[in-house]
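This report covers a loop contact, a helix pair and a sheet, taken in that order.

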Amino acid sequence: MTDQRVLLSTSQLCKEYDVRGRAPVVAVDNVSLELRSGETLAVVGESGSGKTTLARMMLGLLPPTSGRVEVGGRDVFRLPAAELRALRRDLQVVLQDPFSSMNPRLRVVDIVAEPLVTHEPQLRGRRGRAEREAQVAELLTAVGLEANVASRYPHEFSGGQRQRISIARALALRPEVIVLDEPTSALDVSVQAQVLDLLSSLQREFHLSYVFVSHNLAVVRKLADRVAVMRAGAVVETGPVATVFDSPSDPYTRALLDAVLEPDPRRARRRRTLDVA
């Protein structure tokens, strides 16, 4: 990667929830991370580790208790509403369950076009219909679907196809950063592999940077450049995927890796050696 710009960063980010009669629950604890241009940063950890809360704060959907989230050097939570709206062009999301993020009464053409209608006034209404539909057809083709599916409804598709539609919608404004929150966990293994290959090819074609939230370490090894391991809201280890996975320094990271069946005998032997050491 020649372009090493920091596109998204968190600085000492914390999120606490008040609980009546008890001490606050700390969901995210002093997390500082950077996402650079063209890379995939994975955030891993078991359920309840704070991954999704962190992702929602990165997206500006959940205000932090303290700390900063910066996109392009701008503090997301200090921007005026108009500037935050404009920032959405550069920061999009793909969720775990695509069906829940789609209006079942809308056709695919309208679902994928939602960001275009919101941010591009010239594409609204009847006057912009032809150009809007042309762009949607291009996006559907880019994610491996036929353009003619635009007239269908979400319930007519499989889970993998719906996730492709979600990815098309996320690409509509040509963002720099996409936050992927468990995008393949609801899919079967063969479809997972197809979606991961698609994400890799789209990253190259559209010059994307990903924050990839996942509990699936095998998927992370395939897709990510760097990884941050979260436990109880805090990042306990971060670094290049190969370094963290092959030579973990934190006991929690080792425990996560030990819970995964390792198909490569050489890596399995190396892991056992590290555990003995």
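The model is predicted: local features need pLDDT of at least 70, side-chain atom pairs count only at pLDDT 80 or more, and totals for chains, interfaces and linings use all residues. Residues are numbered from 1 along each chain as its sequence is written, and side-chain values use heavy atoms, with hydrogens and water left out.

E156 sits in the loop between α4 (129–142) and α5 (159–171). Helices (H or I, at least four residues) and strands (E, at least two) are DSSP runs, numbered from the N terminus. With a relative accessible area of 36%, E156 is partly exposed, the class between buried (under 20%) and exposed (over 50%), using a 1.4 Å probe and protein chains only.

## Helices α3 and α4

Helix α3 (residues 108–119) packs with α4 at about 110 degrees, the axes being 9 Å apart. Axes are lines fitted to C-alpha atoms, for helices over the stretch in contact, and angles run from 0 to 180 degrees between N-to-C directions. The two helices α3 and α4 are therefore roughly perpendicular, a term for angles of 65 to 115 degrees. From α3, V108, V109, V112, A113, L116 and V117 meet R132, E133, Q135, V136, L139 and L140 of α4, contact meaning heavy atoms within 4.5 Å. Nine of the residues in the contact of α3 with α4 are nonpolar, one is polar and two are charged.

## The sheet

Four strands form an open sheet in the order β2-β1-β4-β5, with antiparallel pairing. Its edge strands, β2 and β5 (74–75), each pair on one side only. Two strands pair if DSSP finds at least two bridges between them.

| Strand pair | Sense | Bridges |
|---|---|---|
| β1 (residues 6–17) and β2 (residues 25–36) | antiparallel | eight bridges |
| β1 and β4 (residues 66–71) | antiparallel | five bridges |

In β2, S9 has E34 as its bridge partner, and V6 has R36. L8 stands opposite V71 in β4.

Definitions and conventions:
Angles under 35 degrees count as roughly parallel, over 145 as roughly antiparallel, 65 to 115 as roughly perpendicular and the rest as oblique. Ala, Val, Leu, Ile, Met, Phe, Trp, Tyr, Cys and Pro count as nonpolar, Asp, Glu, Lys and Arg as charged, and the others, Gly among them, as polar.
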